[in-house]
Amino acid sequence: MTIDHSMDGSSLKQERGCCCAPSVEKSDARSAPHSSSIHEPREEMLARMVPLSGGTFLMGTENPEGFPTDGEGPVRAVSITAFLIDRHPVTNALFGKFIAATGYTTEAERFGWSFVFWSHIPKKRFAELVEDTVASAPWWCKVRGARWDAPEGPGSDVRKRGDYPVVHVSWNDAQAYCLWSGQRLPTEAEWEYAARGGLEQKLYPWGDKLRPGGEHRCNIWQGEFPKEDTGDDGYTGTCPVEAFPPNGYGLYSITGNAWEWCADWFDAELHRTASQVNPQGPPQGIARVMKGGSFLCHKSYCNRYRVAARTGNTPDSSTANIGFRCALSAL
Ligand SMILES: [Ca+2]
Ligand SMILES: [Ca+2]
């Protein structure tokens, strides 16, 4: 089994290492297309969403904390048509409803494994559960049987994590969920517009200071990565989606906690010359955009819990720190 470790940034031309999420070569299995006529009741879906009026905002950053080679800049005026976006990332409870209704099988289940962060694997069972690690990022362990409802592999469950973001879901899985819920993934521009919560050119959804008044505002890493997360913010893994206050648009868990898939293909350059009206990203690519960073992000290693930060991963990749939220064009 070979593991393509483009998560170290090589394929995305990132200038620093990234805890983000390893991508995988899973060509030994094919993604089964998902088709279903079963849909979630529309009023339930709408009740979870926040309508945003759209408008023109300044997307990207040229702040020295940003990563120019990720394509975070230049700052440009982007226009967005009114849309709706989920108040929270899709939770385990909600994803469970989708699975129960459709019988959908996630890619991690079909491939038989997913990536789990090393310290979340019980020490006693490490040898039994871990099949391989990512050479350039040995904290990512390939765990057979790790899946959305067994996030640390066989023996783990999400019974007490219903209000946590679902993880171990690929971009393709997120698409399948959207077919059921009647939604779609947000474009990167929509996601960033929503994440900024009405503020202009701030680093975070709440302002420029990571910990205003000394308070944690999102779930990221404290301590020395990847050795020890002190969990000073209360969590050493994912956390309930409402653990921290929402942004100005009432959206929770935007930065930190789990990365969120966006609709676009990832490219570090194309947006420089593309239309700035409802940008959709490149027509093709290798990786899909992810935004928001995760509980593994730390300033010293993967300072990507800023709203302008971006990375990408292959659409069939799944890890313990990637989830998604959904959007909908205005009614
Ligand atoms: Ca944390
Ligand atoms: Ca997030």
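**View 1. Spacing of the calcium donors along the chain.** The donor residues of the calcium ion (ligand 2) follow the sequence spacing S-I-x1-G-x1-A-x1-E. This is a predicted model, in which local features need pLDDT of at least 70, side-chain atom pairs count only at pLDDT 80 or more, and totals for chains, interfaces and linings use all residues. Residues are numbered from 1 along each chain as its sequence is written, chains are lettered from A and ligands numbered from 1 in the order written, and side-chain values use heavy atoms, leaving out hydrogens and water.

**View 2. A closer look at the calcium ion (ligand 2).** Ser253 (O), Ile254 (O), Gly256 (O), Ala258 (O) and Glu260 (OE) are its protein donors, at 2.6 to 2.9 Å. Donors here are N, O and S atoms within 2.8 Å of the metal (3.2 Å for Na, K and Ca); water is not among the atoms, so sites may look incomplete. Ser253 is buried at 13% relative accessibility, and Glu260 is buried at 0% (buried means under 20% relative accessible area, with a 1.4 Å probe and protein chains only).

**View 3. An open sheet of three strands.** The order is E5-E7-E6, with antiparallel pairing; strands are DSSP runs of E, at least two residues long, numbered from the N terminus, and two of them pair if DSSP finds at least two bridges between them. Strands E5 (113–117) and E6 (130–134) are at the edges with a single partner strand each, so one side of each has no neighbour in the sheet.

**View 4. Where E6 meets E7.** Four bridges join E6 to the antiparallel strand E7 (residues 137–144). Look for Val134, which stands opposite Ala137 in E7.

Key
Buried means under 20% relative accessible area, exposed over 50%, partly exposed in between (1.4 Å probe, protein chains only).
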